[in-house]
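Keep the sequence and the 3D view at hand.

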Amino acid sequence: MDDNFGRHNVWGVCLPSSHPLKAHDYCRTQAYPDNLNFDSETLKHINDLESTVQKLEEENKNLRSRCLILAQLKHDDSSFQFWTGFPNYGSFSALFQYLECALVNKRNWRGSDLLRKVNVTERKRGAPSKLSLEEEFFMVLIRLRLGLTLTDLASRFMLSEGNISKIFTTWINLLYFELKDLCQMPESLDEGKAKHFSNFPNVKIIIDCTEIFTEKPSSLQTCKEIYSNYKGHTTFKFLVEIDTHAAVVYVSRAWGGRTSDKHITSNCNDLLDAMKEGDEIMADRGFDIDDVLSVPSVKVIIPDFKGKDRSQMRAVESRRSENIAVARIHVERAIQRIKIYRILRTEIPLTMTHLAEQIFTLQIFIFVPI
């Protein structure tokens with residue numbers, strides 16, 4: 001074969017070695033061929049486009065850094081705990097997997113649809129969400145943990161405030177109904193009891209009430225019902241119960257701030273019905289509830305009163321009251337852990353009052369270590 005001819009090219013045509021096509025390197029990644037000449041105006045336009053692309057890439061990088069992206073935070077335990085309250089992504093994922101069965105038929109809350117008797121099976125799903133279910137759960141936890149506004153979350157997740165509100169309401173109700181049954185009165189166990197209850201062997205539960213602030217409603221009657229003289233503010237009031245292991249085992253429904261501790265306790269039938277003969281309840285002085293207990297033999301342990309007829313309490317009464325106070329501190333610490341998250345440390349907006357009870361209860365299952 002003639003040396004002037006090389007190997008066959010990709011079309012099967014044998015070309016001379018000096019042929020221009022034979023000499024060209026088709027594997028080069030150069031943007032433009034060597035022999036392609038542009039005029040100065042075209043080159044300037046190309047350079048401007050390259051600068052624009054570079055600037056857009058930098059802006060995109062900055063925007064992504066401002067957004068809360070689950071894929072970026074899941075590998076940083078410190079940041080993940082700051083934003084969600086969970087120690088790491090693994091614990092977050094474990095709870096999400098527990099909820100997966102309930103998420104199969106999830107429909108976002110649509111407000112007026114709840115008033116109209118719309119068949120769930122016939123309701124249209126609407127446009128698909130821009131966020132995955134895991135990202136929606138991630139966003140809900142952030143709002144519970146840090147109390148961010150709808151406007152803030154809409155900017156961070158690049159959704160409308162209306163969509164953020166619907167997603168949040170849907171998840172709060174779903175979490176409440178799926179997790180509320182986990183809060184149950186345990187069987188009496190002596191192992192692991194806090195040492196401060198050693199002086200009270202028959203105490204089964206410790207109860208106390210707490211309040212969270214809410215915005216003042218325009219209705220005078222409603223404002224009167226939820227105004228708390230103790231806090232000097234409109235509030236919702238909850239009864240919280242722990243066992244002798246310092247675990248939260250019961251949370252009442254929300255009451256208006258003016259409601260007395262005794263009235264709330266007397267209407268918590270499931271709490272009172274769980275008490276057995278010989279059990280004891282530890283409480284503060286405001287819980288004078290001996291006459292509302294369904295089991296007469298159940299005793300209420302409260303600090304002693306000095307009364308008006310004495311100048312001071314006896315030494316025995318003082319020591320007993322001190323021991324009760326030392327033991328009762330556990331229920332106050334449990335309440336503090338519930339209210340440490342910012343969504344409960346500020347006024348509950350009027351637009352969220354229908355979720356106040358669910359949000360308060362969820363703090364126990366999601367954030368409070370038991």
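Helices here are DSSP runs of H or I with at least four residues, strands are E runs of at least two, and both are numbered from the N terminus. The model is a predicted one. On that count the protein has 13 helices and nine strands.

**Overall figures**

The protein has 370 residues, and 38% of them are buried. Its accessible surface is about 22,800 Å². Carbon and sulfur atoms supply 51% of that surface. Take the contacts with a separation of 6 or more: 59% of them join residues 24 or more positions apart.

**Two helix contacts that share α6**

Helix α6 covers residues 133-146. It packs against helix α4, residues 77-84, and also against helix α8, residues 161-179. The table gives the geometry.

| Helix pair | Angle between axes | Distance between axes |
|---|---|---|
| α4 and α6 | about 70° | 7 Å |
| α6 and α8 | about 85° | 10 Å |

Angles of 65 to 115 degrees count as roughly perpendicular. So α4 is roughly perpendicular to α6, and α6 and α8 are therefore roughly perpendicular to each other.

Which residues make the contact of α4 with α6? From α4 come Phe80, Gln81, Phe82, Trp83 and Thr84. They meet Phe138, Leu141, Ile142, Arg145 and Leu146 of α6. By class, seven of these residues are nonpolar, two polar and one charged.

The contact with α8 uses Leu133, Glu136, Phe137, Met139, Val140, Arg143 and Leu144 of α6. Facing them in α8 are Ile164, Ile167, Phe168, Trp171, Ile172 and Leu175. This contact has 11 nonpolar residues, two charged and no polar ones.

**Aromatic pairs**

The whole structure holds 13 aromatic pairs. One of them joins phenylalanine 86 and phenylalanine 92. It is edge-to-face, with 6.2 Å between the ring centres and 90° between the planes. Both residues are buried.

Phenylalanine 238 and phenylalanine 360 are arranged in another way: the ring centres lie 4.1 Å apart and the planes are at 5°, so this pair is stacked. It links distant parts of the chain. Phenylalanine 238 sits in strand β5 (residues 233-243), phenylalanine 360 in helix α13 (residues 356-366), and 122 residues separate them. Phenylalanine 238 is buried, at a relative accessible area of 0%. Phenylalanine 360 is buried too, also with 0%.

One aromatic cluster takes in Phe80, Phe86, Tyr89, Phe92, Phe96, Phe137, Phe138, Phe157 and Trp171. Among its members, Phe80 and Phe138 belong to the contact of α4 with α6, while Phe137 and Trp171 belong to that of α6 with α8.

Residues under 20% relative accessible area count as buried. Is threonine 244 buried or exposed? Its relative accessibility is 6%, so threonine 244 is buried. It lies in the loop between β5 and β6 (248-251). Leaving out residues up to four places away in sequence, threonine 244 touches Lys193, Ala194, Phe197, Val203, Lys204 and Ile206.

Phenylalanine 287 is in the loop between β8 (280-282) and β9 (299-301). With 1% relative accessibility, phenylalanine 287 also counts as buried. Beyond its neighbours within four places in sequence, it contacts Ile207, Asp208, Cys209, Leu239, Asp261, Thr265, Val300 and Ile302. How many residues separate phenylalanine 287 from aspartate 208 in sequence? The answer is 79, yet their C-alpha atoms are 8.4 Å apart in space.

Technical notes
Residues numbered from 1 in each chain as written. Predicted model: local features only at pLDDT ≥ 70, side-chain atom pairs only at ≥ 80, totals over all residues. Heavy atoms only, no water. Buried < 20%, exposed > 50% of the residue type's maximum accessible area, 1.4 Å probe, protein only. Contact = heavy atoms within 4.5 Å. Areas by Shrake-Rupley, 256 points an atom, 1.4 Å probe, with all protein chains shown as cover. Axes fitted to C-alpha atoms, helices over the stretch in contact; angles between N-to-C directions. Parallel < 35°, antiparallel > 145°, perpendicular 65-115°, else oblique. Nonpolar A, V, L, I, M, F, W, Y, C, P; charged D, E, K, R; others polar. Phe/Tyr/Trp six-rings, centres within 6.5 Å; stacked < 30°, edge-to-face > 60°.
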